Structures are given as structure tokens and as C-alpha cells.
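Me: I've got a protein model open and would like to talk through its fold and its aromatic pairs. Can you take my questions one at a time?

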Amino acid sequence: GMSDLRLYDRIRDRVAAGESYYTAAARFHREGNYPLKPFVTVRLPTLAYLSATLGAPGTQIAMLLLVVGTAMAWSSARAGLEDTPATGRWMGRLVATSCAMLAGPAFLPLHECWAGVLIALSLALWCRGWLAASLLAGLAAALIRELAVPYLCLMGFVALTEQRWREAAGWALMVAMAGLALIAHAQGVAAVIFPEDVPSPGWDGFGGWRFYAEVTTDWSLLALLPVWIGRGLVPLALFGWLSWNAPLATRVTGLLAGYAVLMMVFARPDNHYWSVLTMPVLLAGLALAVPALSALMARAQPGLSLHGMRTS
């Protein structure tokens, strides 16, 4: 009788009442027959403390402000799209709408919703040249859900390959800070578990592309379309990002590819919400796919382009 969202709600309520996060988490995990081993099966306490401090209305307002800020940041994160302003506008709209979907009251306890919006915000801030703010947004995502740590590593790795030494050092510092938080979290969980507590069944779903396309569709605007259309647009969105030759696209393409592999290989069916981590930026690739397909068609038939859009 316990769902993930109900589990997080009950833990938050006990934290708001003054109980230790780890004591409450261990008790409700046991009541719901949720695993307590390894320590990553227990969520980081950041969101529980935030929600307990702000209360339900304050948490809702915080998420709405985060979504609005992310939408505003993406509205001007169009470096490299100066010749196709319509594409940039549609990218911003798709990111904003995708983020808005995650701001509903029912999803507020879900850690992946917060981390996904924060990753989208971090990317937009990076594109605008606000490195410090981008670093902090990325760190915030990792402190809410440790599955966002690979995003920090990706950003640092790409900065390193581009010889952006100061930026690479900044991302390395964020990774180190997230690592320290995970060490403290592991110690907190270790203090409350018993030998007989339930272990995780492991992460070896091997669902492949079908699973990835299915859960990505279900957690996005594509769920409003017929199934065959929605799932067919997922590779088109990936193609859109892959076709754009820009520093932001390099990072987003790496992000989407990395988490797609994570989903296809490791995620179990009940880990379907992992796709939320990249969903806010994925669909923006559909806006990029239109001029990319137009360019391909123009090469095949000189002078032909989709909807009269300019090609490059």
C-alpha cells in the first residue's frame, strides 16, 4: 500500500515534525518493504529538508519559480541559432512546457523532477556564460538526486577536452562536493540499517531501446500523441541535437546519450522515472530536427526546404 511518492511524503512529514531524516526513512522503508541496502536506495535528505522547511505551499512556489527561471534562461540560450530565430523560440517553448509538466503538486516529492529542471537550468546558464550560476545549479541537482552526478562529470570532461581549464576545475570541485555529500549520506544510512534489512534487487534491467522510448514518451508531452507517433519522435529529437554543431549541443547530446545508455542497460521497469532527468531538454531537439531535415532534403533536391526555412 506504499508508493514512492507516498513514501517521500511520509518521510517529509516526520522531518517537519522534528524527527531525524534517517530514522524516519529507515522506518518507512521497512514498512513499505523498500530496500535499505546499498545506501543509494535511500534518497538524499536535501529535498525532504527543503519541503519540511517551506511547507507544501512554499515548496510549490519554489518549484514554480525554478520552472519560470529555467524558461527565462532558455528563452535567450540560443547561441549559434542567430540565423534561425524561430528554431530558438521553439526550443525555449519546448523546454519551458516540459519543465512546467513537472511542477504539478503530485510530482513535487519526486527527486528526479527537481534534478531534471535544475540540469536544464544549469545548461541554459552555461550557454549564457554564467558559469558560477551554472555550477551551483548542477550541484543542487546532484545534492537532490545523486544520478545527476554524471552530468557534472560530463560538463567537466567536455570543458577539459576544450582546454577550458578554469571551467573544468569548477566542475571538478562540484563533483568533489557532491562526493562528500554522498559519503555523509552513506554514513547516515549505515547508522540506521539492520543486517536483516531488505537489499536492492540490483540494477540490471537491460530493457534496451524499447524500454527507453516507452518511458521517455510516457513522461513527456509525447504522451498526448498516439503511441506510435510519440515513440517515433524520440529518435527524431535525439537526431535534432546531434545535428546541431554548437558547444551547447555537444553537451546536451552527451547528456542524452549517456542517460539513454543508463536507462537501456541498468534501469529496472520501476526505475522509469529516471527519464525525467533529461526530459526537459530532450524535446527541444525536435525544433532543431526541422532545419536539419530541411538541409538534408535540400541536399537531395537542390532548392527544396521544409516550410521555407533557411538552411545552413
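Me: What radius of gyration does the protein have, next to what a compact globule would have?
Reply: This is a predicted model, where local features need pLDDT of at least 70, side-chain atom pairs count only at pLDDT 80 or more, and totals for chains, interfaces and linings use all residues. Residues are numbered from 1 along each chain as its sequence is written, and side-chain values use heavy atoms, with hydrogens and water left out. The globule rule, over C-alpha atoms, is 2.2 Å times the number of residues to the power 0.38. For 312 residues a compact globule would come out near 20 Å, and the protein agrees, with 20 Å.

Me: How many helices and strands are there?
Reply: Both are DSSP runs, numbered from the N terminus: helices are H or I over at least four residues, strands are E over at least two. Reading along the sequence gives α-α-α-α-α-α-α-α-α-α-α-α-α. So the tally, on those DSSP runs, is 13 helices and zero strands.

Me: What share of the residues is buried?
Reply: Buried means under 20% relative accessible area, exposed means over 50%, and partly exposed is in between (1.4 Å probe, protein chains only). Of the 312 residues, the buried share is 49%.

Me: Among contacts between residues at least 6 apart in sequence, what percentage joins residues at least 24 apart?
Reply: A contact here means heavy atoms within 4.5 Å. Of the contacts you ask about, the percentage is 72%.

Me: How are the rings of F107 and W219 arranged: stacked, edge-to-face or tilted?
Reply: Seven aromatic pairs turn up in the whole structure. Rings of Phe, Tyr and Trp (its six-membered ring) pair if their centres lie within 6.5 Å; planes under 30 degrees apart are stacked, over 60 edge-to-face, and the rest tilted. F107 and W219 have ring centres 5.5 Å apart and planes at 50°, so this pair is tilted.

Me: How far apart in sequence are the parts that this pair ties together?
Reply: F107 sits in the loop between α4 (85-101) and α5 (111-127). W219 sits in the loop between α9 (208-218) and α10 (227-243), so the parts tied together are apart by 112 residues.

Me: Which helices does the pair of Y151 and W171 link?
Reply: This pair is edge-to-face, 5.8 Å centre to centre with 80° between the planes. Y151 and W171 are both buried. They are 20 residues apart, and the linked helices are α7 (residues 149-161) and α8 (residues 165-190).
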